[in-house]
Amino acid sequence: MNSRIEKDSLGEMEVPADAYYGIQTQRAICNFPVSGYRARPEFIRSYILVKKAAALTNQELGVLDRVRGNAIVSAADEVLSGLSGQYSDQFPVDIFQAGAGTSFNMNVNEVLANRALEILGRSRGDYSFLSPNDHVNMSQSTNDTFPTASCIAVIFAADRLIDVLASLSEAFQAKALEFSRIPKSGRTHLMDALPVTLGDEFGAYTAALLRASGRIEERRNDLLELPLGGTATGTGANTDPEYRELVISKLSELCKLPFRKASNSFEALQSRSQLAAFSGALRELALELIRIANDLRLLNAGPTTGISEIELPAVQPGSSMMPGKYNPVMAECLDMIGFQVVGNDTAVAFAAQAGQLELNVMTPVITSNILMSISLLTNYLPIFQNRCVEGIKANEDKCRAYLELNPILVTFLTPKLGYLKAAEIAKEVLDKRIPVKEVLVMRGLLSKEEADELLKIENLL
């Protein structure tokens, strides 16, 4: 393999000749061959936008000359447009890496520096003319750029998830309307309870998803406050006095988002509470999705020995051994995704509390876990909507049959008969397995016409 020699503060090292990354990236490749997982494209994109905004700002403030500044900006634009092609393999740093993300920050700095050098007609690695540290990283530190890029990437990803949740909520609401006139037995403690409609249940799923989506949007908006400009410890060392305001403004223009500077730059470097809160909102969504998926599995259970009030679409054979078996596989997959999101949030919580003094160095694992969770949900929920929710059918006859034998219908008689007398009737209904109406008539408590009218399902609902 052809290579070039680069030098950093630790000494010299060989780097692949055709690589845009440099020696510090190469050290990270050697030091952290951990998971095989790399930074997600939205995070790389966000980081490069931070670098572009910094270069534009430094030029405007006169601390970075136009020749180098324009080359860095051009390199950033090229890499942004080539993340799925020419530059897709130039960000090899594992997501488990040096604390705070220094390895990845330098990976981005080196790629932009070497491409900028080529644009200027110079060789990769000619850092004496254009340096990853002195020019691409000017007015910056890993400590303020990494969490800034994290916030931007999460916002970009969250916006896609919010759109997906809006569509899934609409699909559940359509089912709520479709099933709005199908009465069924309610269940509390998994035992018979007062009647509801199947539409009521699906409408509640809609409301739960909308509430969870609203929480995600609230937490997403908190991330618009950025730590950029605080550099290493929040003091803004080695920056122009006007840098912080201007770079935030430039970044807002590039991302078309209303960013604002951190109200306290020291807290913004110390704390990852806003990212942790966003992860918590994903956990809330995951818990609701798990609950809904389990309800669908339960209501679908059967077809001969379970509840079987709904029928989930059969999308694949359910057994390699038992012919004709179909399983609720789409809901099962959603459960597993939900479990992973909850697990990711647990890792985020531990990482968020692990910050010490002026910096939380665990931001890389926070960012990667949040972006993984969003990706899992964004990728799968449209499939779940299309291949499960939209194809759900109601077993209306089964719903009504269960309801007519539900002894808890005696609840509607308590104002007339009292709680204890109604309980006696409920016991007799269970013992004889006959409808409440028949017991009332047999006991002479109501005429058939009175019983039919009092316990008419439509009236009860």
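Strands β1 and β2 pair in the antiparallel sense over 6 bridges. In this predicted model, a hairpin of 2 residues joins β1 to β2, and D8 has G11 of β2 as its bridge partner.

Which residues have the most contacts inside the largest nonpolar core? They are F104, F172, L251, F259, L296 and F384, in a core of 113 residues. Helix α6 (residues 142-178) gives the most to this core, with 18 residues. The surroundings of F259 illustrate the packing. With its neighbours within four places in sequence left aside, F259 is in contact with I152, I155, L224, L226, I248, L251 and S252.

Helix α6 also holds S169. Is this serine buried or exposed? Its relative accessible area is 4%, under the 20% cut-off, and S169 is therefore buried. Apart from residues up to four places away in sequence, S169 touches T206, L209 and L210.

The cysteines can be considered next. The count of disulfides comes to 0. C151 is in no disulfide, and the nearest cysteine sulfur, that of C255, is 12 Å away. A disulfide requires sulfur atoms within 2.5 Å. C151 counts as buried because its relative accessibility is 5%. C399 is likewise in no disulfide, with the nearest cysteine sulfur, that of C388, 16 Å away. The relative accessible area of C399 is 0%, and C399 is therefore buried.

A further hairpin is formed by β3 and β4. Strand β3 (residues 183-188) and strand β4 (residues 191-197) run antiparallel and are joined by 6 bridges. T188 has M191 as its bridge partner in β4. There are 2 residues between the strands, and H189 takes a positive phi near 60°. L190, found in the loop between β3 and β4, also has a positive phi, near 65°. Most residues other than glycine have a negative phi, and most peptide bonds are trans. L190 counts as exposed because its relative accessibility is 66%.

A cis peptide bond joins G302 and P303, with omega about 5°. S308 is found in the loop between α10 and β7 as well, and S308 has a positive phi of about 55° although it is not a glycine. Is S308 buried or exposed? Its relative accessible area is 8%, so S308 is buried.

The buried residues of α15 are A422, I425, A426, E428 and V429. Why do these residues line one face of the helix? Seen down the axis of α15, they fall within an arc of 160°, so they line one face. An α-helix has 3.6 residues a turn, so residues three or four places apart point the same way. On the other side of α15, L420, K427 and D431 are exposed. The cover over the buried residues of α15 includes α14 (414-417) and α16 (436-442). R433 follows α15 and has a positive phi, near 55°.

To return to the cores, the largest nonpolar core has 113 residues. A second, separate core of 17 residues includes I434, V436, A451 and L455.

How values were computed: Residues are numbered from 1 along each chain as its sequence is written. This is a predicted model: local features need pLDDT of at least 70, side-chain atom pairs count only at pLDDT 80 or more; totals for chains, interfaces and linings use all residues. Side-chain values use heavy atoms; hydrogens and water are left out. A nonpolar core is a set of buried Ala, Val, Leu, Ile, Met, Phe, Trp, Tyr and Cys residues joined through side-chain atoms within 4.5 Å. Buried means under 20% relative accessible area, exposed over 50%, partly exposed in between (1.4 Å probe, protein chains only). Helices (H or I, at least four residues) and strands (E, at least two) are DSSP runs, numbered from the N terminus. Contact means heavy atoms within 4.5 Å. Two strands pair if DSSP finds at least two bridges between them. The arc is that of the directions from the helix axis to the C-beta atoms.
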